[in-house]
Amino acid sequence: MSSAAVKVGICGLGTVGSGTFNVLQRNADLIRARAQSAVDVVHVGARRDHPDCDLEGVQVSRDIFAVAQDPEIDVLVELIGGTTVARELVELALRNGKHVVTANKALIAEFGNELFALAEANQVVIRYEAAVAGGIPIIKALREGLSGNRIEWLAGIINGTGNFILSEMRDKGRDFADVLAEAQALGYAEADPTFDVEGIDAAHKLVILASLAFGMPLRFSSVYTEGITRLTPQDVEYAEELGYRIKHLGVAKCNGAGVELRVHPTLIPEQRLLANVNGVKNAVLVEGDAVGPTLYYGAGAGAEPTASAVVADIVDLAREISVGQACRVPALGVASACLAEVPIVPMADVVTPWYLRMVAEDKPGVLSQIASIFSEQGISIEALIQKAPAEGETRVPLIVLTNSAAQGRMEKAVSAIESLESISSEIARIRVEVLDG
Ligand SMILES: NC(=O)c1ccc[n+]([C@@H]2O[C@H](COP(=O)([O-])OP(=O)(O)OC[C@H]3O[C@@H](n4cnc5c(N)ncnc54)[C@H](O)[C@@H]3O)[C@@H](O)[C@H]2O)c1
Ligand SMILES: N[C@@H](CCO)C(=O)O
Ligand code: NA
């Protein structure tokens, strides 16, 4: 050993920024040996110091753009979040010939196509392992570890906050808002937590995974997105009676017709590994034609788990910088000239089994009316549970599990059933994923 130290500037000293700073300091010896050069944080851009970070000997700027202008910096680490200032900062760093490491999935999902092109034009790279599934090295797995495979589909629990909320609600009967507040206090949630609970954060991550898996440009606006805010404790309970757990999944599937890109709550058979991923943990199941199913599991959010991924990117870059080959691995795993559009399958054509919950009058003939509507749409019923009516109540909850049906057909069946006189409320619908990889 060793080449000159690689000089790092960190912008943003919040949850992930402070975690990254501390992991780099604490594991400096290991990192030096692994990177084959010292990795020194020489400049931090932060609105204020962080109580957990000893910044002695480090230049601190209140203006983060000073870091991007610092001629000493080789790698700028963007950990401020958002897509406005962060985008300007990253663009400036790239134009100034600095490599960029970021945890910002919104930035990559929405502006990655342009940013990767700008990086390439400036002969630098953007690394973003922390942007998807926190500490799990899923980007590296898809981009490098599985590079011999045709990826057929992937499905993942890719939002830690949402999974934490669903797990706490199920296991401890806790209130949604109360668990969300705890996720915020633990540093898991996005600055705007509607990104977590309405599925936007998972959609950002899914579009990144899909581009890596299928060699397509990032197409954030094409992801179908449904959050967890409409799930009820009854659905969780009834799903369990049927042998399922409800999880919020991102699913990307490629077939002859195109690619399905969707984020929504899903019933998963309780014996599947993904059904048993709880708390802030994430997991991504990837099916490759050569390897078969592979599963990646670990912490999806939090200061040091996310820092683990940021630091791994810095180490990777330091190794490459030290041998003068930092553009060795393309940003999305294929040469930019080989990225190709893949048609997006319309949701009406997406086929899954379904769970439905409705409230019906408890009188003869209702079940046969419902069954005949399903039959008209070519949908067969797998299971049907009729709950006992509450005291003094003439209406009963009905839970139906169907076999696979295209969403378009299911929508027709649902609106026909909702128009029956004996059905007194909107029908709740949740897709089922069997995940038999
Ligand atoms: N928290 C997690 O578990 C996690 C996991 C993976 C990825 N991420 C991503 O990492 C990024 C940072 O998230 P976080 O949780 O650390 O957020 P955070 O709010 O804890 O930290 C962001 C920090 O950046 C600072 N900042 C913002 N704008 C600034 C500006 N213009 N100048 C100076 N400082 C500025 C804020 O003051 C804050 O200290 C986001 O893109 C987020 O999506 C977070
Ligand atoms: N808010 C995100 C952070 C990790 O990307 C989550 O909860 O998964
Ligand atoms: Na990751």
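UniProt positions are given in the numbering used here, feature names are shortened, and annotations may be inferred rather than shown by experiment. With that in mind, select Glu190, which UniProt lists for "binding site" in an unreviewed entry. The coordinates on screen are a predicted model.

**Stop 1: Glu190**

Glu190 sits in the loop that joins helix H8 (176-185) to helix H9 (194-197). Is Glu190 buried or exposed? Glu190 is buried, because 21 other C-beta atoms lie within 10 Å and the cut-off for buried is 20 or more. Leaving out residues up to four places away in sequence, Glu190 touches Phe195, Asp196 and Asp201.

**Stop 2: ligand 2**

Now select ligand 2 and show what surrounds it. Glu190 is part of that shell, and so are its contacts Asp196 and Asp201. Coloured by class, the shell around ligand 2 divides into 3 nonpolar, 5 polar and 3 charged residues.

**Stop 3: Lys105**

Lys105 lies in helix H5, which covers residues 105-121. Which residues is Lys105 in contact with, leaving aside its neighbours within four places in sequence? They are Ala131, Val132, Asp201, His204, Lys205 and Ile208.

**Stop 4: ligand 1**

Move to ligand 1, which is surrounded by 26 residues. To find the closest, select Gly12, Gly14, Gly81, Ala103 and Ala301. Helix H1 (residues 15-26) provides the largest share of the shell around ligand 1, with 3 residues. By class, the shell around ligand 1 contains 12 nonpolar, 11 polar and 3 charged residues. At least three residues of this shell come from each of domain 1 (3-135 + 303-333) and domain 2 (138-299).

**Stop 5: Gln25**

Stay on helix H1 and pick Gln25, which lies in that helix. Gln25 is partly exposed, because 13 other C-beta atoms lie within 10 Å. Draw a distance from Gln25 to Ala202: the two are 31 Å apart in space, C-alpha to C-alpha, and 177 residues apart in sequence.

**Stop 6: Leu206 and the core**

Next, select Leu206. The largest nonpolar core has 145 residues, and Leu206 and Ile314 touch the most other members. Not counting residues up to four places away in sequence, Leu206 touches Ile158, Val223, Gly250, Ala252, Leu261 and Val263.

**Stop 7: domain 2 against domain 3**

Finally, colour the chain by domain. Besides domain 1 (3-135 + 303-333), the division gives domain 2 (138-299) and domain 3 (349-432). The centres of domain 2 and domain 3, taken over C-alpha atoms, are separated by 26 Å. How many residues of domain 2 are in contact with domain 3? There are 13, and they are in contact with 11 residues of domain 3. On the domain 2 side, helix H11 (233-241) and strand E10 (258-269) each supply at least two residues. E10 gives the largest share of that side, 6 residues. By class, the side of domain 2 that touches domain 3 has 6 nonpolar, 3 polar and 4 charged residues.

Terms used
Residues are numbered from 1 along each chain as its sequence is written. Chains are lettered from A and ligands numbered from 1 in the order in which they are written. This is a predicted model: local features need pLDDT of at least 70, side-chain atom pairs count only at pLDDT 80 or more; totals for chains, interfaces and linings use all residues. Helices (H or I, at least four residues) and strands (E, at least two) are DSSP runs, numbered from the N terminus. Two residues are in contact if their C-beta atoms, placed from the backbone, lie within 7 Å. Domain bounds come from an automatic or database domain assignment. Ala, Val, Leu, Ile, Met, Phe, Trp, Tyr, Cys and Pro count as nonpolar, Asp, Glu, Lys and Arg as charged, and the others, Gly among them, as polar. A nonpolar core is a set of buried Ala, Val, Leu, Ile, Met, Phe, Trp, Tyr and Cys residues joined through C-beta atoms within 7 Å. A residue is buried if 20 or more other C-beta atoms lie within 10 Å of its own, exposed if 12 or fewer, and partly exposed in between; C-beta atoms are placed from the backbone. A residue is near a molecule or strand if its C-beta atom, placed from the backbone, lies within 6 Å of it.
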